[in-house]
Amino acid sequence: MTVTPDVAAPRLATADLLRSAFRRHAAGVAVITARGDAGPVGFTATSLTSVSAEPPLLSFGIGTGSSSWPAVSEAEYVGVHLLGDHQEDLAATFARSGADRFAAPTAWREGPEGVPVLDGVLSWLVCRVAGRVPAGDHRIVLAEVLLGDPTGAGSPLLYHQGRYNGLRD
């Protein structure tokens, strides 16, 4: 048996272990929006996943303690926005607790099915919520893509090691 002296001992599963491991995983940055009773809501997500091509389905996670959860828990439709590397400030605004996320300088409009659609993103999709699956202190939302616009210009915004980044050539 070969012993490698610089290998750390494995740690038991904790929330900190999971966060530490996923800080090393680069993820695309999206903003999820919905229409709520008190107005539009939205949050920054790095948990966006393509699930199925036929039918076109995606998923994202949302914490049940999130200020957006009450609206998302009842929404029939959501907006999914893929951010460009020029939109770090927008990502930070939608990640900040207590922020007025739809106030200037956020540029948005009411889109199909009343979903808030953000301007200037790489792509946006309007989706019908197909299900909400309990997953610990989160819910995994499954959503069927109905329509969208994938023609925005630029490169994707990434999240890695607790910071926003762009792609390097």
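Predicted model: local features only at pLDDT ≥ 70, side-chain atom pairs only at ≥ 80, totals over all residues.
Mentor: Local features here need pLDDT of at least 70 and side-chain atom pairs count only at pLDDT 80 or more, while totals for chains, interfaces and linings use all residues. Residues are numbered from 1 along each chain as its sequence is written, and side-chain values use heavy atoms, with hydrogens and water left out.

Trainee: Why is the contact of Asp16 with Arg11 called a salt bridge?

Mentor: The term requires a side-chain nitrogen of Lys or Arg within 4 Å of a carboxyl oxygen of Asp or Glu. The closest N and O atoms of Asp16 and Arg11 are 3.3 Å apart, so the pair qualifies.

Trainee: What makes Asp16 partly exposed?

Mentor: Buried means under 20% relative accessible area, exposed over 50%, and partly exposed in between (1.4 Å probe, protein chains only). Asp16 has 39% and therefore counts as partly exposed.

Trainee: Which residue forms a salt bridge with Asp119?

Mentor: Arg109 does, with the closest N and O atoms 2.4 Å apart. Asp119 lies in the loop between β8 (116–118) and β9 (123–135), and Arg109 in strand β7 (residues 108–110). Strands are DSSP runs (E, at least two residues), numbered from the N terminus.

Trainee: What is the sense of pairing between β6 and β9?

Mentor: Strand β6 (residues 77–82) pairs with β9 in the antiparallel sense, over six bridges. His81 has Trp124 in β9 as its bridge partner.

Methods: Helix = DSSP H or I, 4+ residues; strand = E, 2+ residues; numbered from the N terminus. Pairing = 2+ DSSP bridges.
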